[in-house]
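Biologist: Can you walk me through this model? I would like the plain version.

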Amino acid sequence: MKFTLNLNENRMALNKIHARARMNAKFNKNRARLGKEFSEDGWMLTEGIGAILFYLIMIGVAAAILYLLFGSSKISQMQQSLSTMTMQIQGLYSGSAEYTGLTNDVALKAGAVPRKLLKGQSIKTPWGGNITVATGADSGTFTIKLEGVKQDDCSKLAAFQLDSWVNVDINGSSFDSTSGVTSAVSSCISANNVLTYTAR
């Protein structure tokens, strides 16, 4: 009887050991599976963040290139418009030795202003600054004044055909073909520069 009892007790103990072993095995299996899932999820998250950063960098580079191209286009547009408007005004007053009475209104009505500079009934630079045409200090000359020109753009416009103007005034300092481009460019020191071209 005692032997049977001990056998039953041993069998129960053995069953408990087996049950505990099965539970441990199941736990370890689940832990391994979860660990693998967490590892895969972590890798996918890292890949996702990397892809997002790459696309953001590419967008930034593309935006910078577009900004430079757009800025260069505005400079070219302003330079071309300056030349066109100068020739139109000279043609308008070709029968006179003076430019007396020249104003924005006169230039607009005579069609002397390039369309790219027209904003309603106003004359504007490609950057939105005011443009004013007027008779020069010498009535045999006229001026084209550009306001609100940023520093980088001012440097390029200051050097534009410097020898073809009577003079170019930049923020109150006057330059001509004998002054040199370097001196003219170095006067573009403001965030909103004013350039006045004088032509004959």
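Biologist: In what order do the elements of the protein chain run from the N terminus on?

Modeller: Starting at the N terminus, the order is α-α-β-β-β-β-α-β-β-α-β. That comes to four helices and seven strands. Helices (H or I, at least four residues) and strands (E, at least two) are DSSP runs, numbered from the N terminus. This is a predicted model, where local features need pLDDT of at least 70, side-chain atom pairs count only at pLDDT 80 or more, and totals for chains, interfaces and linings use all residues. Residues are numbered from 1 along each chain as its sequence is written, and side-chain values use heavy atoms, with hydrogens and water left out.

Biologist: What is the mean pLDDT of the protein chain?

Modeller: The mean is 82, and 66% of the residues reach 70 or more. pLDDT is the predictor's confidence in each residue, from 0 to 100.

Biologist: Where does pLDDT stay under 50?

Modeller: Over residues 61-71. The model has zero contacts beyond four places in sequence for that stretch; contact means heavy atoms within 4.5 Å.

Biologist: OK, the core. Which residues touch the most other members of the largest nonpolar core?

Modeller: I89, L146 and I170, out of 33 residues. A nonpolar core here is a set of buried Ala, Val, Leu, Ile, Met, Phe, Trp, Tyr and Cys residues joined through side-chain atoms within 4.5 Å. Buried means under 20% relative accessible area, exposed over 50%, partly exposed in between (1.4 Å probe, protein chains only).

Biologist: And which element gives the most to this core?

Modeller: Helix 1, with five residues. Among the elements that each supply at least two are also strand 3 (131-135), strand 4, strand 5 (167-170) and strand 7 (193-199).

Biologist: What is L146 in contact with, leaving aside its neighbours within four places in sequence?

Modeller: Its partners include M78, L82, I131, L157, V194 and Y197.

Biologist: Helix 3 next. Which of its residues are buried?

Modeller: In helix 3 (residues 151-158), D153, C154, L157 and A158 are buried. They lie on the same side of helix 3 because they cover an arc of only 135° around the axis, taken from the directions from the helix axis to the C-beta atoms.

Biologist: Switching to rings. How many aromatic pairs does the structure hold?

Modeller: Three. Rings of Phe, Tyr and Trp (its six-membered ring) pair if their centres lie within 6.5 Å; planes under 30 degrees apart count as stacked, over 60 as edge-to-face and the rest as tilted. One of the pairs is Y93 with Y99, tilted, at 5.2 Å centre to centre and 50° between the planes. Y99 also pairs with F142, again tilted, at 4.7 Å and 55°.

Biologist: Where do Y99 and F142 sit in the chain?

Modeller: Y99 is in the loop between helix 1 (2-92) and helix 2 (104-109), while F142 is in strand 4 (residues 142-149), 43 residues apart. Y93, Y99 and F142 form one aromatic cluster. Both Y93 and Y99 are buried, and F142 is buried too.

Biologist: What about G136, buried or exposed?

Modeller: G136 counts as buried because its relative accessibility is 12%. G136 is in the loop between strand 3 and strand 4. Beyond its neighbours within four places in sequence, G136 contacts T141, F142 and T143.

Biologist: Last one. How does T84 count?

Modeller: T84, in helix 1, counts as partly exposed, because its relative accessibility is 28%.
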